[in-house]
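Colleague: I am new to this structure. Could you take me through the terms used for it, and show how each one is applied?

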Amino acid sequence: MRLFFMIMTALLFFVSTIVLADPLTERLKYVSSSPENAEKIINLLQEQAIESLTTEDYLVISEGYQTLNNREAALDAVSKAELLAKTPYLRALSLFHKAQVYGIYYQDSEMALQQLIQAEHILLSLTDAPSRLLFNDVLTNFASAYNLQGNIKTAFQYAERSLLLARELENAPRELNALILSSRIALQNNQYQYAFTHLQQGLTLATQLKDEEQIASIHFRLGMAHRKLDQHTDALEHFNQAADRYLQLNKTHNYSYVLVYLAESYLENPDKIDHAETLLKEALAIAEQHQNTSRAATVYYSLGRAALLRKRYAESEAYYHQALQHFRQLNSRGLILETTLALVQLLIEQQRYNDAQALLDGIATDIVEAATFLQLRFNTSAAALAVADNKWQDAFKIQQKITELHQLELKTQMQYQLTELKDGLNQVSDVEQQNQVTTQLKQQLATAQSRQLLLQVLLVLMIFVAFFVWQLYRRQHIPTTVLSAPDVTPKQWIQFRDKLKAASQQQPITLLVLLPRDRASLQRQYGHQIVTVLFSQIEQELRTSEIKASFSNTEMLWLAIGCDDANSEQQLIEQATLLLQQKLTALGAEAAVLAAHFTLEDMLGKHWHKDDLNAITEAVWFGWSLAERQPSHEQAWQLRFIAEHPRPCEWQVEDVRADMLNACRLGELTLTLNHQPLKIPH
């Protein structure tokens, strides 16, 4: 017993020494090494008097909670560290850790950037060694945050600054981080030569440092590079090496990311789709366990691709919409564009050309500043739609744009190769070696020019082949068969959606949905069709030019209202509501009515899809359920949906109610009942 007491005393002394005496860097490293260490240190610090805790203590507590995946407690601790900071360096360090919490655990790149901007402002005037090292870390995180947002150009600039500073500081681990980050960003813009060179340098450095985690990361990036070059055997080899290392290191978060790209490579083989889907489901389970929105979005995107390869179009579209919903929550503009373009390709394959064009129009302004590969995908889809619409001249012009983009890619590659060769020339003193390098340069230039010329010829040839095939097709009058699900949608509903879509392109539309709140009792007493009869009567009595379209069934009456001013619109809503109340009163029923309304463009977005309307019924039920918790004593319930910005949530997801609830909690969607805000349950 005495021996046990002595061992426990020694252990407590050891841990206390780490907590109270060691430098902050060592304390942070220790607390992040395992969940057990994190809990131990947090408990010891929390036993101290609150007034005795310092900025450093709260930073250690925050790091511990991050290790335990408790993001709320981590953010609370790092905020206290910032408040207590007594020096500029400690305040900058607190802001940096706060940015990491927002970026990694909340995946909120905007909030992360705000913290980094404040930290950078402080560090620019500090010249001591710790501040310069911290500034290097800030630059690296800037690059990651901008990369997440899809701002590749700015991300690349920060990554380059981080690499230069790391080399200036002669700090090998930070140089390694910068090499991997800059190569990752280069890969996203198809700058393969740059990426391979930096990854090779990184692999050499990581091996010297014996950094297994970074070696795994480099294998992962090399796998991504080979995959983009369609070298899938090489890609799988690197991905498997990365996965094995991450598993050995117990880095499940990183392991799940590798699983996604392993699956993507297996999807290139039709016989491996089942295996790919198994890997993706494993990755999704890990993402959900860690509440990782970014990873879940990536998995949904890949599941959408798998479903598309199986020709399961509805399933693929649902997965893509789930991915899009998650990427919008993260404000990841590059991935929003990439997912939207995948949806466009899916719609083109189904010959849903109008829907595809609407999506392309919706991202046309954003694509200008996007990465080159996204611009290529955009213009390739635009060319396909032009061909489908028999606009051959437009298709030819778009193909010329595609040629220019390919040339730009080649030019970027050549510029990097020229820089390398120029550096080589500066280092060569022997005339014969100079001549050899110059000859090599000329050969590469000639090869690049030949590739550009061949590419242009092929693109022009593609246009004329497509034109010839289309002419042959038209002459033979082959009927077009569109693959789609069995049509169970009522013809009247389809006509209503078409009219509503056309009207919304001419002027702002408010959609009003009317229903009796005691419909079931009415139908029991007067028959199943009584509600339909009442709605038909109201439609007849409201025949006015301001009602652009209407639809009714046994549940609801839908009215599309287009008025020149808000007063006229409100009067028409009240008139329709009163008409329904009067007809209920005439039957001897209670005049309890629900009138839900919203501005169509605000709720669904400017380029909304007709299928979005299918979710409005669920939106009405959702609003009604909230209203019943906070009921009004009036017979007429006016339920209004107010969107803080267009399309506050996705309307074609499986659980649209959960998405609406989330939008309400984030303040992006507000509901009012008779002009009083409805409270949202937590």
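Modeller: Two terms come up at once: contact means heavy atoms within 4.5 Å, and helices (H or I, at least four residues) and strands (E, at least two) are DSSP runs, numbered from the N terminus. This is a predicted model, in which local features need pLDDT of at least 70 and side-chain atom pairs count only at pLDDT 80 or more, while totals for chains, interfaces and linings use all residues. Residues are numbered from 1 along each chain as its sequence is written, and side-chain values use heavy atoms, with hydrogens and water left out.

Colleague: What covers the buried residues of α14?

Modeller: The cover includes α12 (212–228), α13 (232–248), α15 (273–289) and α16 (293–309).

Colleague: What makes α14 mostly covered?

Modeller: Buried means under 20% relative accessible area, exposed over 50%, and partly exposed in between (1.4 Å probe, protein chains only). In α14, 11 of the 15 residues are buried, among them Tyr255, Val258, Leu262 and Tyr266.

Colleague: How does the reach of α14 compare with what is expected?

Modeller: The expected span of a helix is 1.5 Å times one less than its number of residues. Helix α14 (residues 252–266) has 15 residues and reaches 21 Å from first C-alpha to last, close to the 21 Å expected.

Colleague: Why is Lys583 called buried?

Modeller: Lys583 has 15% relative accessibility, which is why it counts as buried. Lys583 sits in helix α26 (residues 566–587). Leaving aside neighbours within four places in sequence, Lys583 is in contact with Leu534, Gln537, Ile538 and Glu541.

Colleague: What makes the pairing of Lys583 and Glu541 a polar contact?

Modeller: A polar contact is a pair of N or O atoms within 3.5 Å; within protein, one must be able to donate a hydrogen and the other to accept it, and residues adjacent in sequence count only if both atoms are side-chain atoms. The side chains of Lys583 and Glu541 make such a contact at 2.7 Å.

Colleague: How do you know that Arg310 and Asp274 form a salt bridge?

Modeller: A salt bridge is a side-chain nitrogen of Lys or Arg within 4 Å of a carboxyl oxygen of Asp or Glu. The closest N and O atoms of Arg310 and Asp274 are 2.3 Å apart, and the pair forms a salt bridge. Arg310 lies in the loop between α16 and α17 (313–330) and Asp274 in helix α15, so the pair ties together parts 36 residues apart in sequence.

Colleague: Are these two partners buried or exposed?

Modeller: Arg310 is partly exposed, with a relative accessible area of 26%, whereas Asp274, at 52%, counts as exposed.

Colleague: How many salt bridges does the structure hold?

Modeller: The structure holds 30 salt bridges. One of them joins the side chains of Asp611 and Arg497 at 2.8 Å, N to O. Asp611 is in the loop between α27 (600–604) and α28 (616–629) and Arg497 in helix α23 (residues 491–504), so this pair ties together parts 114 residues apart in sequence.

Colleague: Why is Arg497 called buried, and what is Asp611 called?

Modeller: Arg497 has a relative accessible area of 11% and is therefore buried. Asp611, at 24% relative accessibility, counts as partly exposed.

Colleague: Which residues are linked with Arg497 and Asp611 in a network of salt bridges?

Modeller: Glu317, Arg352 and Asp355 are linked with them in that network.
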